[in-house]
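My entries follow in the order in which I looked.

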Amino acid sequence: MPPLVRPAALVLAAALAVTGCGAEVTAPDGGDGRPKAGGHYPVTIENCGEKKTYDAAPERVVTNDVGITEIMFALGLEDRMAGYVMPDDKGDLAAVPWKDAYQKTKWLSKKQINKELALDARADLVFAGWNYGFNEGEGFTPAALEKVGIGSYLLTESCRNGRAKARGVMPPLEALYVDLRNLGTLFDVEDRAEALIATFQKQVAEAQAKALKGAERPRVFLYDAGRDRPLTSGAYAGPHDIITKAGGDHVMKDLKDSWTTVGWETVVERDPEVIVINDYGDVSAEQKRQFLKSYPPLANVSAIKHDRIVVLDYVDLVESPRNPAAIASLAADLRKLKG
C-alpha cells in the first residue's frame with residue numbers, strides 16, 4: 001500500500017470558501033482592511049506568560065517560518081508585514097487560501113532569520129518562537145531584539161514550560177486560538193480572529209463527529225526525522241491534537257514537551273498501528289518511508305508490517321491555520337486504513 005498523501009490545504013481552502021473566512025475576512029470598519037483608528041490602544045496581551053502593552057499596532061512585522069506567516073495572512077494582516085523568512089521548500093501554494101498574500105509580501109530570506117535581517121527590514125516586531133527562529137546559541141532572542149528597539153511575539157506552541165528547555169504550556173489547538181486572539185487584539189481585528197476560530201472549531205467538531213472512536217482508534221506515531229533517535233511530537237506540538245481529534249491514539253501523549261526526540265525502543269514498545277510522516281526538508285517523504293520500512297528494529301511494528309503510513313506536510317503539523325484541515329484529512333485517512 002503506498003503512503004497516503006492528503007493535501008490538507010485543499011480541505012482548508014474549501015472550508016474557508018464556504019464560510020467566507022480567512023484571507024478575505026471583511027475588515028471591522030468595512031474599509032480598506034487596515035485596523036480602524038480610535039480608542040482601541042493601548043492594549044495589553046499575555047504572551048508566553050509575559051504581559052506586554054502596545055500603544056499602537058506594529059507596522060513592519062517580520063515573520064519566521066510558514067505556519068507563523070500564514071497566521072498573519074489568515075488574519076488579513078499582510079499589509080502590516082515587512083516580509084517573511086522561510087526556506088524554499090514551503091510547499092505548493094496553488095491551493096493555499098493566502099496565495100495572493102504570499103505574492104504581495106516580500107520574501108526576505110530563504111536562510112536563517114537573524115538580528116541583521118530584522119534591522120535591514122526596519123522591523124518593529126518579529127513574530128517567531130523558540131526553535132522557530134529564536135535561538136540562544138545563535139544569539140537571536142527577544143532580549144537581543146529589545147536591545148535594538150525591535151519587539152517580539154513568541155509563537156505560543158513554542159512557549160517554554162519551566163522544565164529546562166521543554167516547550168508547550170497548553171493543548172496545541174488552544175495555542176493556535178490564543179495566538180489568533182492575541183494578534184486580533186494587537187492589530188484591532190478581533191472580529192476576524194473570532195470568525196476564524198469559530199470556523200476552525202466547527203471544522204474540528206465535524207471531523208471529530210466522523211472520527212474513529214473507542215477500541216477502533218489506532219495507535220499513531222508521528223515521525224519527523226532522525227535515524228539514530230527519531231524526532232517526534234509530544235503532547236504540546238500540533239500533531240498531538242491532530243492525531244487525537246482525528247480518531248487516533250497518540251503513542252507519545254505522555255511527553256510533556258512539543259517537538260522532542262525519543263528512543264526507537266520506545267517506539268517499538270508502543271507498537272504504533274499507523275505512522276504519520278512529516279514531509280519537509282532535504283529528505284523526502286518517500287525517503288523517510290523507505291528508511292522506516294527497511295530499519296530492522298521496526299520490522300515487527302504493526303504500522304510497518306501492514307504498510308500503514310500517512311504523509312502530511314510540515315505546515316499541516318506545526319502550529320498554523322492549516323491544523324483544523326489536517327485533522328479532517330487525517331481522520332479520513334485513519335478511517336480508510338481501518339476499513
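I began with strand β4 (residues 61-64), which is joined by 3 bridges to strand β7 (residues 125-128), the two running parallel. I count two strands as paired if DSSP finds at least two bridges between them, and I take helices (H or I, at least four residues) and strands (E, at least two) as DSSP runs numbered from the N terminus. Thr63 has Phe127 as its bridge partner in β7. I then looked at strand β5 (residues 81-85), which also runs parallel to β4 and is joined to β4 by 4 bridges; here Thr63 stands opposite Tyr84. Between β4 and β5 the chain passes through helix α2 (residues 66-74), and this β-α-β crossover is right-handed, meaning that, with the strands pointing away from the viewer, the path from the first strand over the helix to the second runs clockwise.

Before going on, I noted that this is a predicted model, in which local features need pLDDT of at least 70 and side-chain atom pairs count only at pLDDT 80 or more, while totals for chains, interfaces and linings use all residues. Residues are numbered from 1 along each chain as its sequence is written, and side-chain values use heavy atoms, with hydrogens and water left out.

Entry 2, side chains of β4. Val61 and Thr63 point one way and Val62 and Asn64 the other, yet all are buried (under 20% relative accessible area with a 1.4 Å probe, protein chains only). In a regular strand the side chains alternate between the two faces of the sheet.

Leaving aside residues up to four places away in sequence, Leu180 touches Ile71, Leu75, Ala193, Leu196, Ile197 and Phe200, a contact being heavy atoms within 4.5 Å.

Which residues of helix α10 (residues 285-294) are buried? I found Ala285, Lys288, Arg289, Phe291 and Leu292. Seen down the axis of α10, these buried residues fall within an arc of 160°, so they line one face of the helix; the arc is that of the directions from the helix axis to the C-beta atoms. Their cover includes β9 (219-223), α9 (264-270) and β13 (274-279).

How values were computed: Buried means under 20% relative accessible area, exposed over 50%, partly exposed in between (1.4 Å probe, protein chains only).
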